[in-house]
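Here's a guided walk for anyone meeting this structure for the first time. Keep the picture open while you read, and let's take things one piece at a time.

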Amino acid sequence: MASVFEEAVAYLPKDSSYKLLPFRFIRLDPARYVAVNEVGEWQTLARAELDMLVHKTLPPENPLYLSLKSKHFLEDQDSDVAIDLLTLKRRTKQARIPQFTGLHMFVVTLRCNHSCRYCQVSRQSEDRSAFDMTIPMADKGLDFTFQSPSRAIKIEFQGGEPLLNFDLIKYIVLEAKKRNKTENRKLAFVIATNLSVLSDEILDFCRTHKVMLSTSLDGPEDLHNANRPNVGNNSYQITIDGINKARGALGVDQLSALMTTTSLSLPRVTDIIDEYLRQGFRGIFLRNLSPYGFAIKTKVFDGYSSDEWLNFYRTGLDYILELNKQGLRLTEFFTGLVLGKMLTPYGTGFVNLQSPAGLGISAVIFNYNGEVYPSDEARMKAEMGDKVFCMGNLLTNTYEEMMLSTALLDPLSDSISETVPMCEECAFLPYCGADPDYHYATQGDFVGHKALSGFCRKNMEVFRYIIKKMEDDPEARAILESWVRW
Amino acid sequence: MNGISRAGDEHCLVLNTSIYGLDAIKKTAYRFADKASVILQPASENAVSVTFNFVGKHAATNPEQVIGDFCNELLDQDLREIIKRETTPVRNIILAHAFSRTSLVEQE
């Protein structure tokens with residue numbers, strides 16, 4: 001029977017010349033390079049293949065040619081849609097910017113009943129009412145919040161321990177809902193709490209007004225108690241009791257947990273993951289310490305290097321993937337965020353994976369004294385005496401003055417990765433972001449020298465590890481693809 | 001390694017600028033700031049000398065390995081220059097189109 005179609009070779013371009021489209025490349029491992037295009041699609045290739053691509057000697061019948069063409073690394077006479085598609089995807093990546101500032105954090109008190117090793121704000125004793133936010137400040141904070149152009153607004157209560165000033169939380173929630181009757185935003189609330197003062201009254205309020213809870217769980221009992229001591233009490237047991245109580249009252253999906261890696265955590269990643277599974281969590285964020293506040297003051301930040309954290313992360317990710325292969329469902333959230341940037345045309349709201357940085361664009365924080373900062377880390381730095389990121393004060397400055405302040409705009413304009421030495425040529429630029437807080441804390445300027453940057457080292461190795469997993473382990477690839485959310 | 005001279009703690013490499021662009025050499029040197037302080041000086045009309053002073057742990061390890069990595073990175077930078085020359089106009093078109101109907105681009 002005669003074939004309906006011509007042989008495959010008949011569909012190859014008649015003219016074998018092609019044009020390169022924008023891409024960057026970097027070594028993936030000793031045997032391979034990875035090329036990444038303007039919108040994050042990648043292709044691994046050998047050095048010889050990279051040379052052939054760039055010097056226009058890659059033949060159209062080579063399978064690599066078709067792969068590179070389909071991912072918009074090259075354009076030949078057969079196709080003229082690549083630029084339009086790249087444009088659309090690039091624009092989609094940045095679509096969050098006009099919808100800036102979705103997250104507004106209210107530090108309703110600095111008081112706390114814990115003394116965590118890495119706590120990033122100065123702790124005050126429980127009877128220091130001088131460290132509580134006032135109602136006039138909260139009203140000004142809400143004025144600021146509803147001037148955001150974002151259709152979705154999340155209000156997060158931070159501390160100290162915010163539940164020590166629960167009356168103000170109630171006031172803000174009720175007032176925000178009242179204002180939202182005319183604003184019609186998609187409004188959400190979350191309290192970041194150690195759960196130690198959780199009461200039935202608080203849970204009733206949270207259930208009635210759909211307020212979520214976020215807590216800290218650093219691992220098994222001995223590790224959690226060492227990292228997060230509560231003098232005279234078992235901090236771990238208080239947290240576990242609180243988790244169970246909150247889930248019983250609000251539902252399992254209304255409470256999440258975060259962990260922070262200290263030097264004590266480094267050899268315990270599988271124990272930490274097991275603890276999260278034991279407590280019924282289906283995801284974990286393997287979070288490294290930030291060089292701010294008490295973490296610097298108490299030398300905890302100096303407790304480990306980027307490479308030590310990377311070993312912790314790699315061991316943890318391998319373990320999580322193995323658990324998934326055995327049929328358990330558990331996600332590593334940081335990997336999931338990165339995969340979202342790698343596998344979809346969408347950007348992320350995660351502050352440190354954006355260019356320009358997410359400072360002010362993703363979040364602002366209202367300190368207990370009315371001062372406004374573009375990130376939680378910037379507020380922590382202020383508590384240690386450096387107010388370089390202070391945008392102004394709710395009581396004395398307007399929204400425009402604060403959002404157009406040099407304290408916000410300077411680090412934003414300096415941190416656009418496309419203009420930063422080493423970043424502008426880095427293949428991982430579409431996946432990465434900028435962290436002016438980190439570089440100011442470690443190198444004294446918003447940009448930092450990336451060859452000396454722990455932030456850069458950490459992110460690049462995470463990206464390499466994820467791509468290698470995706471390329472070399474088909475079963476892991478299927479699991480990782482299932483973690484993508486948008 | 002061929003082409004490297006050594007005087008005390010300093011290692012020197014001479015590069016032909018008709019083969020490697022100065023931008024590529026400078027970008028490579030910038031990338032190696034965590035391993036060595038690198039000084040660039042003209043050596044002749046078509047040559048530049050690259051002097052390495054190793055810092056930190058690299059002073060005690062294998063300097064020639066670092067210089068070998070430097071040479072490999074230089075080849076990568078050279079290739080990046082070719083890609084950049086060819087694709088910069090297209091990248092600019094993509095960005096201009098991407099942001100053409102947003103308030104991020106000022107109207108004339």
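Predicted model: local features only at pLDDT ≥ 70, side-chain atom pairs only at ≥ 80, totals over all residues.

Let's start with a sheet in chain A. It's an open one of three strands, in the order β2-β3-β4, and the pairing is antiparallel. Why is one side of β2 and of β4 left without a neighbour in the sheet? Both β2 (23-29) and β4 (42-45) of chain A stand at the edges with a single partner strand each, so one side of each has no neighbour there. On average, neighbouring strands of this sheet are turned by 25° against each other, direction ignored.

Now zoom in on one pairing. Strand β3 of chain A, residues 32-37, is joined to β4(A) in the antiparallel sense over four bridges. If you'd like a pair of residues to look for, find A:A35, which stands opposite A:Q43 in β4(A). Then look for helix α17 of chain A, made of residues 454-472: it lies across β2, β3 and β4 of chain A and runs at about 80° to β2(A).

Next, jump to strand β6 of chain A, residues 103-107. Is it mostly covered or mostly uncovered? Mostly covered, it turns out, with five of its five residues buried. From β6(A), A:L103, A:M105 and A:V107 point one way, A:H104 and A:F106 point the other way, and all are buried.

What does β6(A) pair with? One partner is strand β7 of chain A (residues 152-158), which runs parallel to β6(A) and is joined to it by five bridges. Another is strand β13 of chain A (residues 363-366), also parallel to β6(A), with four bridges between them. As a bit of background, strands of a sheet pair through backbone hydrogen bonds, either parallel or antiparallel.

You'll find two helices and four strands in chain B, and reading along the sequence gives the pattern β-β-α-β-β-α. Take the contacts in chain B between residues at least 6 apart in sequence: 56% of them join residues at least 24 apart.

Finally, where do the chains come together? The contact takes 19 residues from chain A and 21 residues from chain B. On the chain A side, α1 (47-54) and α3 (82-93) each supply at least two residues. Which of chain A's elements gives the most to this side? That would be α3(A), with five residues. By class, the side of chain A that touches chain B has 13 nonpolar, two polar and four charged residues.

Note on methods. Residues numbered from 1 in each chain as written. Chains lettered and ligands numbered in written order. Contact = placed C-beta atoms within 7 Å. Pairing = 2+ DSSP bridges. Axes fitted to C-alpha atoms, helices over the stretch in contact; angles between N-to-C directions. Nonpolar A, V, L, I, M, F, W, Y, C, P; charged D, E, K, R; others polar. Buried ≥ 20, exposed ≤ 12 C-beta atoms within 10 Å, placed from the backbone.
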